[in-house]
Amino acid sequence: MSWLLLSISIITEVLGTVALKFSNGFSDWKPSVIVFTAYILSFVLLGLALKGIELSIAYAIWAGVGTALIALVGIFYFNEPITILKSASIVLIVLGVVGLNLSNQIT
């Protein structure tokens with residue numbers, strides 16, 4: 001259950017960050033409400049996930065996967081340029097998340 005909560009927390013964090021782009025510096029109230037709602041929900045779910053996942057693992061995965069997903073949203077939805085360095089960095093983030101998950105299994 002903790003992993004499901006962490007996954008939903010990541011999704012809501014990404015949703016809040018995308019809404020932040022649409023809020024135009026909080027001048028558009030509808031996406032601004034989504035920003036605050038999504039971030040609050042994300043942190044609540046992250047807190048609940050921490051009941052069953054170590055802090056270092058949960059936060060690193062939350063931040064890493066969220067960052068990688070936002071980079072992909074930027075590339076595919078907002079037509080941000082993709083470079084070799086950006087692609088390699090996303091791959092390294094994913095490898096880091098995999099490594100963190102494996103670290104729990106190899107003790």
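1. A quick term before anything else: the helices here are DSSP runs of H or I, at least four residues long, and they are numbered from the N terminus. Going by that, alanine 19 sits in helix α1. Keep in mind throughout that this is a predicted model.

2. The overall picture. The protein has four helices and zero strands, so reading from the N terminus the order of elements is simply α-α-α-α. Taken along the principal axes, the C-alpha atoms fill a box of roughly 50 × 35 × 15 Å. Of the 107 residues in the protein, 32% are buried. If you count contacts between residues at least 6 apart in sequence, 63% of them join residues at least 24 apart.

3. The α1/α2 pair. Two packed helices are described by the angle between their axes and the distance between the axes. For helix α1 (residues 2-22) and helix α2 (residues 29-49), the angle is about 160° and the axes are 8 Å apart. That makes α1 roughly antiparallel to α2, because an angle over 145 degrees falls in that class. The two cross in a left-handed way. Sorting the residues of the α1 contact with α2 by class gives 17 nonpolar, six polar and one charged.

4. Alanine 19, back to where we started. Which residues does it touch, leaving out those up to four places away in sequence? They are Pro31, Ile34 and Val35. Alanine 19 has a relative accessibility of 6% and therefore counts as buried, since the cut-off for that is under 20%.

5. Buried or exposed? Threonine 12 is buried, at a relative accessible area of 9%. Setting aside residues up to four places away in sequence, threonine 12 touches Ala38, Leu41, Ser42 and Leu45.

6. The loop between α1 and α2. Two residues here deserve a check of their backbone angles. Asparagine 24 lies in this loop and has a phi near 50°, a positive value in a residue other than glycine. At 53% relative accessibility, asparagine 24 counts as exposed. Phenylalanine 26 is in the loop between α1 and α2 too, and its phi is near 65°, again positive in a residue other than glycine. Phenylalanine 26 comes out as partly exposed, with 44% relative accessibility.

7. The α2/α3 pair. What angle do these two make? The axes of α2 and α3 cross at roughly 150° and come within 10 Å. That makes α2 roughly antiparallel to α3. The crossing of α2 past α3 is right-handed. On the α2 side the contact uses Ser42, Phe43 and Leu46, and on the α3 side Ala58, Tyr59 and Trp62. By class, that contact has five nonpolar residues, one polar and no charged ones.

8. The α1/α3 pair. Here the packing angle is about 40°, with the axes 9 Å apart. α1 and α3 are therefore oblique to each other, and α1 passes α3 in a right-handed crossing. From α1, the contact takes in Trp3, Leu6, Ser9, Ile10, Glu13, Val14, Thr17 and Val18; they meet Ile57, Ala58, Ile61, Trp62, Val65, Gly66, Leu69, Ile70 and Val73 in α3. The class count for this contact is 13 nonpolar, three polar and one charged.

9. The core. In soluble globular proteins, nonpolar side chains tend to be buried together. The largest nonpolar core in this model has 14 residues. Those with the most contacts inside it are Leu6, Ile10, Leu46, Ala49, Ile53, Ile61 and Trp62. Which elements give two or more residues to this core? They are α1, α2 and α3 (55-76). α1 gives the most, with five residues.

10. Leucine 6 touches Leu46, Ala49, Ile53, Ala58, Ile61 and Trp62, not counting residues up to four places away in sequence. Leucine 6 is also among the α1 residues that meet α3, and it is one of the residues with the most contacts inside the largest nonpolar core.

Definitions and conventions
Residues are numbered from 1 along each chain as its sequence is written. This is a predicted model: local features need pLDDT of at least 70, side-chain atom pairs count only at pLDDT 80 or more; totals for chains, interfaces and linings use all residues. Side-chain values use heavy atoms; hydrogens and water are left out. Axes are lines fitted to C-alpha atoms, for helices over the stretch in contact, and angles run from 0 to 180 degrees between N-to-C directions. Angles under 35 degrees count as roughly parallel, over 145 as roughly antiparallel, 65 to 115 as roughly perpendicular and the rest as oblique. A crossing is left-handed if the near helix is turned anticlockwise from the far one by less than a right angle, and right-handed if clockwise. Ala, Val, Leu, Ile, Met, Phe, Trp, Tyr, Cys and Pro count as nonpolar, Asp, Glu, Lys and Arg as charged, and the others, Gly among them, as polar. A nonpolar core is a set of buried Ala, Val, Leu, Ile, Met, Phe, Trp, Tyr and Cys residues joined through side-chain atoms within 4.5 Å. Buried means under 20% relative accessible area, exposed over 50%, partly exposed in between (1.4 Å probe, protein chains only). Contact means heavy atoms within 4.5 Å.
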